[in-house]
Amino acid sequence: MEAIPVRIVTRGFGETSRRDSWWVTPVAIFVGLGLFVVYATWAAFQNAHYAYGSYLSPFYAPEIWGDSPHAWFGPKPDWWPSLAPFSPALLILPFPGLFRFTCYYYRGAYYKSFWADPPACAVGEPRKTYWGENSFPLIFQNIHRYFMYVAVIFLFLLAYDVWLATHFTNPQTGAEEFGIGLGTVILAVNVVLLSSYTLGCHVARHLLGGLFDEISKHPVCDKAYSCSSALNSRHQLFAWCSLFSVAGSDIYIRLLSMGIISDVRFF
Amino acid sequence: MATATFKIWRTHSSAPGDGTYQTFQTEVSEGMVVLDVVHSIQAQQAPDLAVRWNCKAGKCGSCSAEINGNPRLMCMTRMSQLNLSEPVTIEPMRTFPPIKDLVTDVSWNFRVKKGIKKFKPRQPDAPDGTWRMAQRDVDRVQEFRKCIECFLCQDVCHVLRDHNKHDEFIGPRFFVYAANLEMNPLDTEDRVDDLKDAHNIGYCNITKCCTKVCPEHIHITDNAIIPLKERVVSRHYDPVTRLLRMFK
């Protein structure tokens, strides 16, 4: 049989026979991610109201240099260029930010919502040329695993911040005492959601066991792979929940620090 | 019985590849699928209407089409899933050359398959020439064997559909095929370099459209394409794993 050459008539931008509201999801993702990026950028440049007592905003954790008691090495170093803006968040936010930017879920989401590549499944695209992740600049998406390594370190640091958030100063005696406040719970939930997102990411799943063809011969990796796969099946859910929990934690601590609301102490 | 309107793509015999919608009105009843409607129209109104079908049970992968713009199997799309108050469009798959009406030429897929390195088993595990595999390892690749080769995933993939990269990119169906071989515990062949260079897995930008349209619910992106991408990353883009391999 003679082979018929593949010759397809491409469709114009947005051209489709779909009748459903295909544009709702990409628009919702555009709005959701856009709002988060705008808020995170604004919050990172504030360099204020990021700590309240033993609570530290996850946007500013770990605070390497800064003005709050949480800072590891004290205030802004003298060698910091005077013209460069300073905020503890600017030092650390690029790492979790790039972890999310190179995440397989977010890649698929923002390629559709921000770059219309494609706008939705079976909907025409605005551009005729295409390089995919084969060449510069998107070839750098392949270093996702290195940002995952850093994200795992951040999980331990944020978990330590939750431990610190269980220590309160008694206003009468000035002594430090154990306690649980709403902020403690919010920060703890944030770590759980971030861990579920990070440990269920596709790279973690691959490195924990997916790289083996005979995973049954590696029982520890097999267990880890199964756990990571279970989280991975809800990766999209954890991606969004952890995004909201990070922003929500920052908002809660910011409102406490500004005196707009008061913390709820459970005990 | 209710009457519904269907707009079916008909090719022009004078200009191969070109076509228009022809509108039909026909009676539909509960339990009917789109393929039933097409057969009804074929029997009563348009005997020259071309449609490819076989099992009518969602297992042969023959009756792939685009119903209201969504790539689907006609035999698995029930009337109750469609809004019959407005015309239902039925088109051929847009990623493959049209032959006639709803029939497309999918032979490109079979040529692509020949370009993927074949299964090459290790030496038999037992003297009787048989192998032993743990069920756990079998389970992982079993999902990929559910593929019925309907090519809906190829149809919806924008790298093929919109960018016409048929000469460079093998498409989701064949990444599933490659994953089935590459992750098979008995297989000794290495396809990672081919996946990067010859099959251009890097063109996939994880839109997950292939997963959404798969009638067998194979997790094409999560379980086949991304794990293969990660194997390519380990081999070609990760300096640490490259360094570790030097010391092995």
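## A network of salt bridges

In this predicted model, a network of salt bridges links Glu214(A) and Lys217(A) with Arg122(B) and Asp125(B). Over all chains, a search of the whole structure gives 31 salt bridges, and a few others are described below.

## A pair that joins two chains

Glu133(A) and Lys229(B) form a salt bridge in which the closest N and O atoms are 2.8 Å apart. Because Glu133(A) belongs to the loop between α4 (104–113) and α5 (144–164) of chain A, while Lys229(B) belongs to helix α9 (residues 220–237) of chain B, this pair joins two chains. Are Lys229(B) and Glu133(A) buried or exposed? Both Glu133(A) and Lys229(B) are buried.

## Arg161(B) and its partners

Within chain B, the side chain of Arg161(B) meets that of Glu66(B) in a salt bridge, with a distance of 2.9 Å from N to O. Since Glu66(B) is located in strand β3 (residues 64–67) and Arg161(B) in helix α5 (residues 158–161) of chain B, the pair ties together parts that are 95 residues apart in sequence. Glu66(B) has a relative accessibility of 0% and therefore counts as buried, and Arg161(B), at 5% relative accessibility, counts as buried, because buried means under 20% relative accessible area.

The side chain of Arg161(B) also meets that of Asp155(B) in a salt bridge, for which the N to O distance is 3.4 Å. Asp155(B) is buried, as is Arg161(B).

Terms used: Residues are numbered from 1 along each chain as its sequence is written. Chains are lettered from A and ligands numbered from 1 in the order in which they are written. This is a predicted model: local features need pLDDT of at least 70, side-chain atom pairs count only at pLDDT 80 or more; totals for chains, interfaces and linings use all residues. Side-chain values use heavy atoms; hydrogens and water are left out. A salt bridge is a side-chain nitrogen of Lys or Arg within 4 Å of a carboxyl oxygen of Asp or Glu. Helices (H or I, at least four residues) and strands (E, at least two) are DSSP runs, numbered from the N terminus. Buried means under 20% relative accessible area, exposed over 50%, partly exposed in between (1.4 Å probe, protein chains only).
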